[in-house]
Every structure is written in C-alpha cells, then in structure tokens.
Amino acid sequence: MGMSLASHTLPESVERLVSEFKYVPQVVASDAERELKDEQREQKLASPKFGTVFTDHMALISWVNGKGWRDLRVVPYGPLTLDPATAVFHYAQEVFEGLKAYRFPDGSIWTFRPEMNAKRLNKSATRLALPELPVDMFAAACAALVRADKKWVPSSPDSSLYLRPFMFASEPFLGVRPANAVEFVVIASPAGSYFASGVKPVSIWVDTKYHRAAPGGTGDAKCGGNYAASLLPQQLAAAQGFDQVCYLDVGAGGRIEELGGMNLVFVRTDGTIETPALSGTILAGVTRDSLLKLAKDRGLNVVERAIHLPELLEDFAAGNIAEVFSCGTAAVVTPVGRLAGDLHGKRFDIKVGDGNPGKITMELREALTAIQYGLAPDKHGWMTRLV
Ligand SMILES: *Cc1c(COP(=O)(O)O)cnc(C)c1O
C-alpha cells in the first residue's frame with residue numbers, strides 16, 4: 001500500500017518475541033471438518049454481532065512473582081479452568097484493553113497505535129498493583145494471535161477484528177494483597193459495521209446521583225471494576241429510555257467527565273471542538289486523542305478544559321453547541337442526539353442539532369476510519385502492519 005507514508009511494520013524486537021510463541025493449533029480432524037469450519041466462519045463474518053463470536057485461538061502469557069513473564073503461547077480458544085479461590089473473582093484485580101485489526105484493500109492486516117494501548121495497559125496495571133507487561137510483548141501477543149487467526153479479519157466495509165487483551169490475578173488465594181500469579185490473555189472477536197443499519201444518534205442520561213470515578217480512584221485505569229459499578233446506573237437510565245449514561249465528577253460544580261466506556265466531545269457552532277480535559281478521573285481514549293489531532297490537522301480550534309454542566313446548559317440555550325458525539329475504539333464515533341438529566345432537582349432535556357449526525361462529527365469519523373482502513377495517507381504513522 002503506497003498510501004501509508006509513515007506506517008511501519010513490527011520492529012525486529014517484537015518479531016523475535018512473536019517467534020517465541022508456542023503455537024498449539026486448533027485440531028481439525030478432516031478436510032470435511034475444515035471445509036465446514038471455513039463455511040461457518042464465513043457465515044459468522046457476514047454479520048458479526050459485537051462480542052459474541054470469537055476466533056479459533058487465544059494468546060496467553062503467564063507471570064509469576066520473582067520469575068517474570070513466561071510461557072508465551074497461542075492455543076485453541078476455550079474456557080480457562082480456574083480455582084474458585086482465584087483472586088480476580090473476589091477482589092477484581094483485573095485490567096483490560098481494546099484495539100482493532102483492520103484489513104486494507106490489498107488484503108494486508110494492520111493495527112492502530114498499539115503502543116498507546118500497551119502503555120495504557122501498564123498504567124492501569126500499576127494502579128491495580130498488577131505487573132507491567134513489556135510493550136513489545138503486548139504487540140507480539142496481538143500479532144501472534146492475528147497471524148494465527150488472520151482469516152477472521154473481515155474485509156467488508158467498516159468491519160474489523162476487535163482485540164481484547166486483559167490481565168488478571170490468577171493466584172488462588174483469599175488474602176488481600178496483590179496476586180503472585182497473573183495471566184495476560186488476548187482474545188479476538190470480529191466486529192461488523194457499527195452503522196450497518198443506519199446512523200441513529202443516541203440519547204444520554206447525565207447522572208447527578210451516581211459517579212464512575214473520584215480523585216485518587218481508578219477512573220483513569222481501564223479496569224473491569226469501573227464497568228461493574230456502571231451497570232446499575234446504566235440499567236436505571238435504560239429503564240427511562242436512555243442509551244448511555246454521562247458521568248459528572250464528585251465536586252459540587254458538576255464537571256462533565258465521560259460515558260461508562262466512551263469519551264465525550266462537543267462541537268460548538270463556531271467549529272471549536274471542546275472536550276473535558278484529562279482530569280485524572282477520565283480514561284484517556286486513543287480515539288479521543290486521535291480525533292483531536294485530526295481536528296487540529298483540519299485547522300479546527302481544539303480545546304481541552306473543564307466543562308461544567310450549568311455552563312453547558314447555558315451554552316445549549318444560547319445555541320452555541322451544534323454537535324455532540326462520544327468516541328471509543330468499538331464504535332469509533334457515536335453521534336449524541338439528546339442529553340437529559342436533573343440539575344438541582346430541575347429536569348433538563350436537550351435535543352442536539354436536528355436529530356441527524358452532525359457534519360463535523362461524521363467528517364472526523366470518516367477521516368479517522370480512512371486512515372485505519374488504508375484509504376488515506378497515514379501522516380501520523382499510526383498504523384502498524386501485522387500481516
Ligand atoms: C476504553 C474506554 C474509553 C475509550 O478509549 P479508546 O482508547 O478510545 O477505545 C473511554 N472511556 C472509558 C471509561 C473506557 O474504558
């Protein structure tokens with residue numbers, strides 16, 4: 001692909017690690033079974049439902065205190081057998097990541113800014129008293145899995161292979177201390193076009209009762225516990241007809257933070273892009289960072305600052321905000337069509353724009369996905385070739 005000017009292949013140090021993975025392929029008994037499996041895979045790839053279908057293999061690396069990371073392996077996808085006393089079941093010592101593998105028009109397979117995910121995993125791991133994983137090992141595990149399961153990377157428009165690396169305390173022990181045994185695993189799930197059935201802006205409940213993060217907590221770590229705590233508010237909002245919850249900080253001023261699993265961005269009528277600054281209680285999204293850079297590339301004014309709910313409502317009332325979208329790896333960009341909540345006991349309910357996805361929202365989405373799918377020059381050197 002001549003398009004990818006600054007894109008690169010895996011460094012030699014990562015390739016060496018990839019070759020260290022022990023590969024235990026899924027057993028296929030006969031040609032007939034292989035044909036059946038191929039057929040089933042093609043069917044699943046034709047209309048993948050997010051997070052329900054997984055590829056044939058998974059990559060694992062084990063850590064033992066004092067010995068480090070060992071036993072790099074790619075094995076058939078399947079259940080992990082764990083002792084009921086395994087620490088993660090009790091104290092939720094777990095962190096995860098999410099990134100994608102994309103098929104370019106020439107059939108090659110690439111991933112997007114994987115070093116950002118590797119570094120963020122380590123930041124999350126440190127907060128959860130889990131060991132850091134060398135950045136090269138993260139990349140090597142993703143590459144080893146994608147190479148084993150390359151047939152699972154879809155080629156239809158806007159589809160990709162979602163990679164879910166995660167790390168958890170695997171030691172069977174009920175005492176409260178960091179585990180001495182940890183497992184790092186990468187699984188993969190084909191993801192179809194998010195906008196396959198048309199773009200429908202989502203509605204958001206701005207929650208003034210529940211919070212997802214507090215200063216000094218785990219808000220800027222990507223850990224399962226944050227998601228567990230978001231399920232009840234999400235359920236309550238859904239019962240009222242809302243798609244997503246937007247969280248505020250714990251202060252009295254009602255500073256806007258983010259959704260349960262996506263960052264939030266506002267487009268002002270003058271074209272300025274505004275998003276809550278990384279406050280220490282927000283997850284630093286790779287999509288957020290990339291979209292802000294692309295907005296700057298396009299000459300848009302980009303502002304990261306504290307945005308408070310009362311001020312935001314005044315801005316809406318004055319007609320200063322044209323578009324709102326949320327962003328994250330899974331859905332890339334999701335237009336927001338409605339924002340509602342209770343402020344000081346008074347209900348607000350705002351319709352954003354005309355109910356259609358905003359122009360700048362969709363332009364930024366298009367600019368990002370064009371790079372990810374090898375359809376536009378990769379000026380920032382964000383893409384890494386895996387296959
Ligand atoms: C993963 C996540 C995001 C989005 O991050 P990306 O790197 O863009 O996928 C945003 N907020 C939270 C809470 C998350 O867990």
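Me: Is serine 62 buried or exposed, and what is its relative accessible area?
Reply: Keep in mind that this is a predicted model. Serine 62 is found in strand 3. The cut-off for buried is under 20% relative accessible area. Serine 62 counts as buried because its relative accessible area is 15%.

Me: Which side chain makes a polar contact with the side chain of serine 62?
Reply: We've already got serine 62 down as buried. Its side chain has a polar contact of 3.1 Å, and the partner is arginine 73.

Me: Which element gives the most residues to the largest nonpolar core?
Reply: That core has 45 residues, and Phe21, Ile61, Trp69, Leu133, Met167 and Phe184 have the most contacts inside it. Several elements give two or more residues to this core, among them helix 1 (12–20), strand 3 (57–64), helix 4 (114–127) and strand 8 (160–169). The top contributor, with 10 residues, is helix 5.

Me: How many residues surround the ligand, and how do they divide into nonpolar, polar and charged?
Reply: The shell around the ligand has 15 residues, and the closest are Lys222, Tyr227, Glu258, Thr287 and Thr329. Sorted by type, the shell comes out as 4 nonpolar, 7 polar and 4 charged.

Me: How much of the accessible area of the ligand does the protein cover?
Reply: Start with the polar pairs. A ligand oxygen sits 2.7 Å from an N or O atom in the side chain of lysine 222, and another pair puts a ligand oxygen 2.6 Å from a polar side-chain atom of threonine 287. For glutamate 258, a side-chain N or O atom is 2.5 Å from a nitrogen of the ligand. On its own the ligand has 380 Å² of accessible area, and the protein covers 97%.

Me: Which residue just after helix 9 takes a positive phi?
Reply: Helix 9 covers residues 359–372. Just past that helix, a phi of about 70° turns up, and the residue is glycine 374.

Notes
Residues numbered from 1 in each chain as written. Predicted model: local features only at pLDDT ≥ 70, side-chain atom pairs only at ≥ 80, totals over all residues. Heavy atoms only, no water. Near = heavy atom within 4 Å. Polar contact = N/O pair within 3.5 Å; in protein donor to acceptor, adjacent residues only side chain to side chain. Areas by Shrake-Rupley, 256 points an atom, 1.4 Å probe, with all protein chains shown as cover. Nonpolar A, V, L, I, M, F, W, Y, C, P; charged D, E, K, R; others polar. Helix = DSSP H or I, 4+ residues; strand = E, 2+ residues; numbered from the N terminus. Expected span 1.5 Å × (residues − 1). Core = buried A, V, L, I, M, F, W, Y, C linked by side-chain atoms within 4.5 Å. Buried < 20%, exposed > 50% of the residue type's maximum accessible area, 1.4 Å probe, protein only.
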